[in-house]
Amino acid sequence: MALVRALLDARKGTEATLAERRAQMDEFGARAPLPDDWRISAVDLGRPAERHDGPKTRANAALLYFHGGGYCLGSPASHRGLVAHLCEAGAMT
């Protein structure tokens, strides 16, 4: 929560462009540490996407995660840490 509050406080009194907001979301998402021995590779599913693989990844399991943002905000980078931890905690590993 402290990171979210700091992000919001930094934006007070400013009106960022869409490109600036996207960059801010990617920067914020980069603060989430990835699990140990985590591998990420770029894929294209008609939109930019990522494949996440951990030390216990099973070939027959998958998580297809769609973040919010209406194709305006967010990216694979902005949600990378969240997705990695969801995969690690779920049946994908």
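Visitor: How many residues sit between strand 1 and strand 2 in the hairpin?
Guide: Three residues lie between strand 1 and strand 2 in that hairpin. Keep in mind that this is a predicted model. In the turn you'll find Gly46, with a positive phi of about 90°.

Visitor: And in what sense do strand 1 and strand 2 pair?
Guide: They pair in the antiparallel sense, over six bridges.

Visitor: Okay, which residue is the bridge partner of Ala42?
Guide: That's Glu50, in strand 2. For Val43, the bridge partner in strand 2 is Ala49.

Visitor: Let me zoom out. What helices and strands does the chain have?
Guide: The secondary structure comes to three helices and two strands. Reading along the sequence, you get α-α-β-β-α.

Visitor: What box do the C-alpha atoms fill?
Guide: Roughly 50 × 30 × 15 Å, taken along the principal axes.

Visitor: How much of the chain is buried?
Guide: Of the 93 residues in the chain, buried ones make up 17%. The accessible surface comes to about 6800 Å², and carbon and sulfur atoms account for 57% of that surface.

Visitor: Now helix 3. Which residues are buried there?
Guide: Helix 3 covers residues 80-89, and the buried ones are Gly81, Val83, Ala84 and Cys87. They cover an arc of only 165° around the axis, so they end up on the same side of helix 3.

Visitor: What do those buried residues pack against?
Guide: Strand 2, residues 48-53. That is the strand that pairs with strand 1.

Visitor: Moving on to Ser75. Where is it?
Guide: Ser75 is in the loop between strand 2 and helix 3.

Visitor: Is Ser75 buried or exposed?
Guide: Ser75 counts as buried because its relative accessible area is 15%, and the cut-off for buried is under 20%.

Visitor: You mentioned Ala77. Which residues does Ala77 touch?
Guide: Not counting residues up to four places away in sequence, Ala77 touches Asp26, Gly29, Ala30 and Glu50. Asp26 also turns up among the contacts of Ser75, and Glu50 is the bridge partner of Ala42. Ala77 itself is in the loop between strand 2 and helix 3.

Visitor: How far apart are the C-alpha atoms of Ala77 and Gly29?
Guide: They are separated by 6.5 Å, while the two residues are 48 apart along the chain.

Visitor: What share of contacts in the whole chain join residues at least 24 apart?
Guide: It's 57%, counted among contacts between residues at least 6 apart in sequence.

Visitor: Last topic, Asp37. What is its phi?
Guide: Phi of Asp37 is near 55°, which is a positive value in a residue other than glycine. Asp37 is in the loop between helix 2 (18-29) and strand 1 (39-44).

Visitor: Why does Asp37 count as exposed?
Guide: Because its relative accessibility is 61%, and exposed starts over 50%.

Terms used. Residues numbered from 1 in each chain as written. Predicted model: local features only at pLDDT ≥ 70, side-chain atom pairs only at ≥ 80, totals over all residues. Heavy atoms only, no water. Buried < 20%, exposed > 50% of the residue type's maximum accessible area, 1.4 Å probe, protein only. Helix = DSSP H or I, 4+ residues; strand = E, 2+ residues; numbered from the N terminus. Arc of directions from axis to C-beta. Contact = heavy atoms within 4.5 Å. Pairing = 2+ DSSP bridges. Areas by Shrake-Rupley, 256 points an atom, 1.4 Å probe, with all protein chains shown as cover.
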